Amino acid sequence: MKTFLVVAGLGLSLLATTAFADSNHPPMQHAQADHDEGMSIMAHGVVRKIDKSRGRITIKHGPLRDLDMPPMTMVFRVKDEAMLERFKPGDEVRFKAEDIGGALTVTEIQPAE
């Protein structure tokens with residue numbers, strides 16, 4: 001009888017672990033990877049438009065956790081206009097935006113992996 005209890009207990013532990021893994025919590029390895037790089041969480045998006053003459057980029061993006069914003073399509077300024085040279089409409093990107101002087105500004109951007 002003791003052997004059965006140990007096996008049954010192990011089964012419950014595995015069940016509890018599986019239930020936690022299926023919850024709505026984000027996987028820890030992603031959060032840890034962003035933290036380890038010493039940077040804030042980067043958002044995922046798709047470039048919709050680039051306006052080089054005004055230093056602006058339109059991105060359809062997922063949640064911007066740092067700014068507590070839901071997914072949407074919006075126009076951002078860019079910190080460095082050279083950023084606009086590397087991308088075109090349709091490109092998937094990862095980026096970080098900040099509120100700089102009241103203007104939402106892309107401060108980091110890279111191709112999505």
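Which residues does Thr58 touch, not counting residues up to four places away in sequence? In this predicted model, local features need pLDDT of at least 70 and side-chain atom pairs count only at pLDDT 80 or more, whereas totals for chains, interfaces and linings use all residues. Residues are numbered from 1 along each chain as its sequence is written, and side-chain values use heavy atoms, with hydrogens and water left out.

With contact taken as heavy atoms within 4.5 Å, Thr58 touches Val46, Val47, Arg48, Lys49, Thr73, Met74 and Val75. Thr58 belongs to strand β2; helices (H or I, at least four residues) and strands (E, at least two) are DSSP runs, numbered from the N terminus. The relative accessible area of Thr58 is 13%, and the residue is buried. Here buried means under 20% relative accessible area, exposed over 50%, and partly exposed in between (1.4 Å probe, protein chains only).

Arg56 is found opposite Arg77 of β3.

Side chains of opposite charge can pair when their charged atoms come close. Four salt bridges are present in the structure, each defined as a side-chain nitrogen of Lys or Arg within 4 Å of a carboxyl oxygen of Asp or Glu. One of them joins Lys96 to Asp66, at 3.8 Å from N to O. Because Lys96 lies in strand β4 (residues 92-100) and Asp66 in the loop between β2 (56-61) and β3 (72-78), this pair ties together parts that are 30 residues apart in sequence. Lys96 is buried at 10% relative accessibility, whereas Asp66 is partly exposed at 41%.

Lys96 also forms a salt bridge with Glu98, with 3.3 Å between the closest N and O atoms. Glu98 is partly exposed, its relative accessible area being 30%. Asp91 is buried, with a relative accessible area of 18%.

Definitions and conventions: Two strands pair if DSSP finds at least two bridges between them.
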